[in-house]
Amino acid sequence: MLYVLATVHPAATATGDAQAGKAIYERSCVGCHGPTGQGGRMAPMLAVPPRNLTDQAYMGTRSDQQLFDVISKGGAAIGLSTAMTAFGSQLSEQQIWDTVAYVRTLSAGSATTAQVPSSTSSKASAPAADL
């Protein structure tokens with residue numbers, strides 16, 4: 001009999017609770033990303049507009065691990081926008097996975113593409129912040 005031992009990275013098996021993630025998103029993310037993921041009240045004040053989280057085309061290119069990393073470490077730590085704050089010191093790993101699960105619901109079934117809110121149209125040439 002042959003046994004194969006495999007090491008599975010914890011992130012590969014992590015799952016989040018979208019309902020719990022919604023509460024975290026509403027508390028920590030809605031200011032920049034908005035209640036629907038298309039931009040919030042802080043968006044016009046940022047040098048780089050926040051990522052449109054309803055954009056299926058873009059969100060489909062991001063793994064759950066990538067979303068986890070940008071929420072945990074912030075944009076600058078992974079070569080993205082400094083406008084995306086790191087939440088790793090404020091949220092537990094499970095809370096971050098919960099947030100990832102909720103963020104996934106924002107683009108599920110949406111046919112929306114990335115759009116720059118009219119209030120930030122002067123910043124249209126700047127790339128959007130990742131999360």
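Student: At 6% relative accessibility, does Asn52 count as buried or exposed?

Tutor: Buried means under 20% relative accessible area, exposed means over 50%, and partly exposed is in between (1.4 Å probe, protein chains only). With its 6%, Asn52 therefore counts as buried. The model is predicted, so local features need pLDDT of at least 70 and side-chain atom pairs count only at pLDDT 80 or more, while totals for chains, interfaces and linings use all residues. Residues are numbered from 1 along each chain as its sequence is written, and side-chain values use heavy atoms, with hydrogens and water left out.

Student: How many helices and strands does the chain have, and what pattern does the chain follow along the sequence?

Tutor: There are 6 helices and 0 strands in the chain. Read along the sequence, the pattern is α-α-α-α-α-α. Of the 131 residues in the chain, 37% are buried.

Student: What share of the contacts between residues at least 6 apart in sequence join residues at least 24 apart?

Tutor: A contact means heavy atoms within 4.5 Å. Among the contacts between residues at least 6 apart, 69% join residues at least 24 apart.

Student: What does Gly37 touch, leaving aside neighbours within four places in sequence?

Tutor: Gly37, found in the loop between H3 and H4, is in contact with Tyr25, Arg51, Asn52, Leu53, Thr54 and Leu106. Because its relative accessibility is 0%, Gly37 counts as buried. The C-alpha atoms of Gly37 and Pro50 are 9.0 Å apart, and the two residues are separated by 13 residues along the chain.

Student: Which residues of H2 and H6 meet?

Tutor: From H2 come Ala18, Ala20, Gly21, Lys22, Ile24 and Tyr25; from H6 come Gln95, Asp98, Thr99, Ala101, Tyr102, Val103, Thr105 and Leu106. The residues of this contact divide into 8 nonpolar, 4 polar and 2 charged. Ala, Val, Leu, Ile, Met, Phe, Trp, Tyr, Cys and Pro count as nonpolar, Asp, Glu, Lys and Arg as charged, and the others, Gly among them, as polar.

Student: What does Ser107 touch beyond residues up to four places away in sequence?

Tutor: Ser107 has its place in H6 and touches Leu53, Thr54, Asp55, Gln56 and Met59. At 8% relative accessibility, Ser107 counts as buried.

Student: Which residues of H5 are buried, and what covers the buried residues of H5?

Tutor: In H5 (residues 64-73), the buried residues include Leu67, Phe68, Asp69, Val70, Ile71 and Ser72. Their cover includes helix H4 (56-59) and H6. Just after H5, Gly74 has a positive phi of about 90°.

Student: How does Leu80 count at 31% relative accessibility?

Tutor: Leu80 counts as partly exposed because its relative accessibility is 31%. Leu80 sits in the loop between H5 and H6. Leu80 and Val70 are 8.4 Å apart, C-alpha to C-alpha, and 10 residues apart in sequence.

Notes: Helices (H or I, at least four residues) and strands (E, at least two) are DSSP runs, numbered from the N terminus.
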